[in-house]
Amino acid sequence: MNSVRISGLDSTSGLTALTNITVTADVSMKNPNVVAFKFSNVTTTTVYYGGVAVGEGRNPPGVAAAQRTLRLNVTVELAVGKLLGVPSLGRDLTSGELNVSTYTRVGGRVKILGLFKKHVVVKMNCTMSVNVTSQEIGDQSCWQKVSI
């Protein structure tokens with residue numbers, strides 16, 4: 001995750017169940033392999049705050065070319081009602097920093113030698129702190145698992 005932009009949330013405005021909060025993340029997908037990875041729009045990203053799933057978004061389909069890095073934007077609409085149910089929200093907004101985690105599942109396929117198609121699933125968990133004011137990511141840590 002390269003950067004994140006949060007619209008509809010800051011530490012000074014009031015937060016109600018009618019508030020619309022959108023998170024747009026600039027993500028890089030690095031493909032170190034010698035074959036391209038084609039993925040569909042069933043790719044999902046779930047955002048967790050305080051251990052509660054507060055939003056889910058679908059990633060756009062695409063192709064990660066062999067030995068290249070693909071950049072794409074992922075947009076997630078947050079469920080404000082769920083956010084308001086997390087007891088630490090007020091304290092975290094006052095401090096200006098939210099600790100969030102994400103889970104992304106990318107399903108796709110690779111074609112080996114133009115003949116053999118293999119289904120591949122990439123799963124990634126990330127934890128990070130997001131500064132509400134500057135919208136900068138800090139203390140980011142990610143783990144990934146690839147299944148063929």
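Which hand does the link of C126 and C142 have about its S-S bond? It is right-handed, with 110° about that bond. Before going further, a word on the ground rules: this is a predicted model, in which local features need pLDDT of at least 70 and side-chain atom pairs count only at pLDDT 80 or more, while totals for chains, interfaces and linings use all residues. Residues are numbered from 1 along each chain as its sequence is written, and side-chain values use heavy atoms, with hydrogens and water left out.

Let's start with the overall layout. The protein has two helices and 10 strands, where helices (H or I, at least four residues) and strands (E, at least two) are DSSP runs numbered from the N terminus. Reading from the N terminus on, the elements go β-β-β-β-β-β-β-α-α-β-β-β. The C-alpha trace spans about 55 × 25 × 20 Å along its principal axes. Of the 148 residues, 37% are buried; here buried means under 20% relative accessible area, exposed means over 50%, and partly exposed is in between (1.4 Å probe, protein chains only).

Back to the disulfide, then. In general, a disulfide is a covalent bond between the sulfur atoms of two cysteines. The working rule is a pair of cysteine sulfur atoms within 2.5 Å, and by this rule the count comes to one. That disulfide joins C126 to C142, with 2.1 Å from S to S. The two cysteines come from distant parts of the chain, 16 residues apart: C126 sits in strand β9 (residues 116-131) and C142 in strand β10 (residues 137-147). C126 is buried, at 2% relative accessible area, whereas C142 is partly exposed, at 34%. As for C126 and L83, they are 43 residues apart along the chain, and 19 Å separates their C-alpha atoms.

Next come the charges. Side chains of opposite charge can pair when their charged atoms come close. A salt bridge is counted when a side-chain nitrogen of Lys or Arg is within 4 Å of a carboxyl oxygen of Asp or Glu, and a search of the whole structure turns up one. It is formed by the side chains of D26 and R71, at 2.1 Å from N to O. D26 belongs to strand β2 (residues 21-31) and R71 to strand β7 (residues 68-78), so the pair ties together parts that are 45 residues apart in sequence. D26 is buried, with 13% relative accessibility, but R71 is exposed, with 54%.

Patches are made of residues with over 30% relative accessible area and no salt bridge, joining like charges within 9 Å and nonpolar side chains (Val, Leu, Ile, Met, Phe, Trp, Tyr) within 5 Å. Lys and Arg count as positive and Asp and Glu as negative, leaving out His and the chain ends; the place of a charge is NZ of Lys, CZ of Arg, CG of Asp or CD of Glu. One patch of positive charge gathers K38, R109, K111 and K117. Within strand β8 (residues 97-112) lies R109, which is partly exposed at 34% relative accessible area. A nonpolar patch is formed by I112, L113, L115 and F116, which together have about 460 Å² of accessible area, a quantity from the Shrake-Rupley method with a 1.4 Å probe, for which only the protein chains shown count as cover for residues. L115 is in the loop between β8 and β9 and is exposed, at 64% relative accessibility.
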